[in-house]
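Q: Can we go through this one together? I have the sequence and the coordinates open.

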Amino acid sequence: MPAALTVASSLEEQEQTHLVPNANAFDNKISNQYDDRPKRRGPQPKDLGVSTRKDVVGEDYLGLKPCGSAPNCFCSTDNVEDDPEHSIPSWTYPKQMTKSQAFQQLKDEIERYKPGQGNIDGGGFKIVVADVEKGYIYVQFEALKNGYIDDVEFACIPSLGENHVQLRSSSRIGYLDFGVNAKRINYIAEKMRNIGWKAPGVEYETHKGYFLENQA
């Protein structure tokens, strides 16, 4: 089975064995203050993972789930010419590292993520899938008050660069994200740059529409 399809199958297996948390709060949330509030987590997208997608002209490409029209998503496999507001650069790890070493580094940094940083993700997070050998990580992050879930993925797609890591961060529901996805990407990106990765963040100069709409 091709690596891309194996990644998607791995995600489906996680769903079938109920390892994807849909109803309960994450253990690393920063407070119980809003536990009595109804939570709007939204349904988990069915087409996460690496698979064959279609671009705006109907041509096939291998990538992560493309963003929709709302300013609440970023994806490095979205074509920058077709969708500059949602497209972001992939990250690259040092060439002397193997893929599994790089994804283990990335997993370690994600595990050290601080819920509540930048006043976001106070509901905590959970690494749902972490396959460092195949090069795929899927994480769910939760907002503290309303329980909104964001889906974040990191994947190696060799056809897009041997030492490149593709990434996607997206809200499940709503239209605006008030800067949450950009803050999360920028936080993790800084941690990766500190250990030698080339990991661009989301900048105002390249995503003015996003920052203006979200007033971030």
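Q: Where is Phe-178 found?
A: In the loop between strand E8 (164-171) and H3. Bear in mind that this is a predicted model.

Q: What is its phi?
A: Phe-178 has a positive phi of about 55°, although the residue is not a glycine. Most residues other than glycine have a negative phi.

Q: Is Phe-178 buried or exposed?
A: Phe-178 counts as exposed, because its relative accessibility is 58%.

Q: And Asn-119, what about its phi?
A: The phi of Asn-119 is near 60°, again a positive value in a residue other than glycine. Asn-119 sits in the loop between helix H2 (99-111) and strand E5 (125-131). With 78% relative accessibility, Asn-119 counts as exposed.

Q: Pockets next. Which residues lie nearest the centre of the largest pocket?
A: Ala-143, Tyr-148, Asp-177, Phe-178 and Val-180, out of 25 lining residues. Strand E6 (136-142) and helix H3 (180-193) are the elements that give two or more residues to that lining. H3 gives the most, with 3 residues.

Q: How much space lies in it, and what is the lining by class?
A: The largest pocket holds about 570 Å³ of space. Its lining has 11 nonpolar, 6 polar and 8 charged residues.

Q: What about the second largest pocket?
A: About 220 Å³ of space lies there. Its lining includes Lys-54, Asp-55, Tyr-61, Pro-66, Cys-67, Asp-82 and Asp-83. By class that lining comes to 4 nonpolar, 2 polar and 5 charged residues.

Q: How many cavities of 30 Å³ or more does a search find?
A: A search of the whole structure finds 1. The largest cavity has a volume of about 50 Å³. Among the residues lining the cavity are Ala-25, Lys-29, Tyr-34, Arg-41, Glu-142 and Ala-143. The lining of the cavity divides into 4 nonpolar, 2 polar and 5 charged residues. Ala-143 also lies among the residues nearest the centre of the largest pocket.

Q: Back to Cys-67. Which residue does it form a disulfide with?
A: Cys-73, with the two sulfur atoms 2.0 Å apart. The count for the model is 1 disulfide.

Q: Left-handed or right-handed?
A: Left-handed, because the torsion about the S-S bond of Cys-67 and Cys-73 is about -70°.

Q: Are those two cysteines buried or exposed?
A: Cys-67 counts as buried at 12% relative accessibility. Cys-73 is buried too, with a relative accessible area of 1%.

Q: On to the core. Which residues touch the most other members of the largest nonpolar core?
A: Trp-91, Leu-106, Phe-154 and Trp-197, in a core of 34 residues. The elements giving two or more residues to this core are H2, E5, E6, strand E7 (149-155), E8, H3 and helix H4 (208-214). H3 gives the most to the core, with 7 residues.

Q: What is Leu-106 in contact with?
A: Leaving aside its neighbours within four places in sequence, Leu-106 is in contact with Trp-91, Ile-137, Phe-154, Val-165, Ile-188, Met-192 and Trp-197. Apart from that core lies another one, of 12 residues, among them Leu-48, Cys-67, Cys-75 and Val-128.

Q: One more on H3: is Arg-184 buried or exposed?
A: Arg-184, which lies in helix H3, is buried, with a relative accessible area of 1%.

Q: What is it in contact with?
A: Beyond its neighbours within four places in sequence, Arg-184 is in contact with Tyr-113, Gln-117, Ile-120, Asp-121, Phe-141, Asp-150, Val-152 and Ser-169.

Q: How many residues apart in sequence are Arg-184 and Ile-120?
A: They are 64 residues apart in sequence, and 7.9 Å apart in space, C-alpha to C-alpha.

Note on methods:
Residues are numbered from 1 along each chain as its sequence is written. This is a predicted model: local features need pLDDT of at least 70, side-chain atom pairs count only at pLDDT 80 or more; totals for chains, interfaces and linings use all residues. Side-chain values use heavy atoms; hydrogens and water are left out. On a 1 Å grid over the protein atoms alone, a cavity is a set of points where a 1.4 Å probe fits but cannot get out, and a pocket is an open set with protein on both sides within 12 Å along at least five of seven lines; lining residues have an atom within 4 Å of a point. Grid points are joined across faces, edges and corners, and a volume is the space filled by probe spheres set on the points. Helices (H or I, at least four residues) and strands (E, at least two) are DSSP runs, numbered from the N terminus. Ala, Val, Leu, Ile, Met, Phe, Trp, Tyr, Cys and Pro count as nonpolar, Asp, Glu, Lys and Arg as charged, and the others, Gly among them, as polar. Buried means under 20% relative accessible area, exposed over 50%, partly exposed in between (1.4 Å probe, protein chains only). A disulfide is a pair of cysteine sulfur atoms within 2.5 Å. A nonpolar core is a set of buried Ala, Val, Leu, Ile, Met, Phe, Trp, Tyr and Cys residues joined through side-chain atoms within 4.5 Å. Contact means heavy atoms within 4.5 Å.
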